[in-house]
Amino acid sequence: MEEAYAPFGVTYDAGEDQWYYNGEAVCFFRDVLISNGENLTGGGFRGAMRILSSAEGAVRIETVRDFTRPDFQGYGTLTGIRLLEEP
């Protein structure tokens, strides 16, 4: 799965079991794969997502996908990565 993220600056180091975004260690990575368009916290969200986390790092990121254009797996087409605000 890491091949899909690489063009957007996200890499994975298997030896360290660590994700990186533009060279910085990632502590939280959310990838919403399929979505009905509803807010994740509003109670109406239906879809599928992948959550990756690590005790290391300080960067929090999520994918940007175009759900109107499914890819070969039926997921929204990956169009970018964005930084998340601190909780």
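How many salt bridges does the structure hold? The structure holds five salt bridges, a salt bridge being a side-chain nitrogen of Lys or Arg within 4 Å of a carboxyl oxygen of Asp or Glu. The model is predicted, so local features need pLDDT of at least 70 and side-chain atom pairs count only at pLDDT 80 or more, while totals for chains, interfaces and linings use all residues. Residues are numbered from 1 along each chain as its sequence is written, and side-chain values use heavy atoms, with hydrogens and water left out.

Among the salt bridges is that of E62 with R30, at 2.8 Å from N to O. This pair links distant parts of the chain. E62 lies in strand 5 (residues 59–70) and R30 in strand 3, 32 residues apart. Helices (H or I, at least four residues) and strands (E, at least two) are DSSP runs, numbered from the N terminus. Both E62 and R30 are buried. Buried means under 20% relative accessible area, exposed means over 50%, and partly exposed lies in between (1.4 Å probe, protein chains only). A network of salt bridges links R30, E62 and R82.

R50 also forms a salt bridge, with D31 as its partner. The closest N and O atoms are 3.6 Å apart. R50 lies in strand 4 and D31 in strand 3, so this pair ties together parts that are 19 residues apart in sequence. D31 counts as buried because its relative accessibility is 1%. R50 is partly exposed, with a relative accessible area of 22%. A further salt bridge joins R69 and D66, with 3.7 Å between the closest N and O atoms. R69 counts as partly exposed at 45% relative accessibility. D66 counts as partly exposed at 21%.

Aromatic contacts come next. The structure holds four aromatic pairs. Rings of Phe, Tyr and Trp (its six-membered ring) pair if their centres lie within 6.5 Å; planes under 30 degrees apart count as stacked, over 60 as edge-to-face and the rest as tilted. One of the pairs is Y5 with W19. The ring centres of Y5 and W19 are 5.7 Å apart and the planes stand at 75°, so this pair is edge-to-face. Y5 belongs to helix 1 (residues 2–5) and W19 to strand 2 (residues 18–21), 14 residues apart. Y5 is buried, with a relative accessible area of 1%. W19 counts as buried at 10% relative accessibility.

Y5 also pairs with F29. Here the centres are 4.9 Å apart and the planes stand at 65°, so the pair of Y5 and F29 is edge-to-face. Y5 lies in helix 1 and F29 in strand 3 (residues 24–35), so the pair ties together parts 24 residues apart in sequence. Both Y5 and F29 are buried. Ring pairs link Y5, Y12, W19 and F29 into a cluster.

A charge also sits over a ring. R60 lies over the face of F28, at 4.8 Å from the ring centre. The criterion is NZ of Lys or CZ of Arg within 6 Å of the ring centre and within 35 degrees of the ring normal.

On the surface, L40, M49 and I51 form a nonpolar patch. Together these residues have about 230 Å² of accessible area, from the Shrake-Rupley method with a 1.4 Å probe, where for residues only the protein chains shown count as cover. Patches are made of residues with over 30% relative accessible area and no salt bridge; like charges are joined within 9 Å, nonpolar side chains (Val, Leu, Ile, Met, Phe, Trp, Tyr) within 5 Å. M49 is placed in strand 4 (residues 47–53). At 36% relative accessibility, M49 counts as partly exposed.
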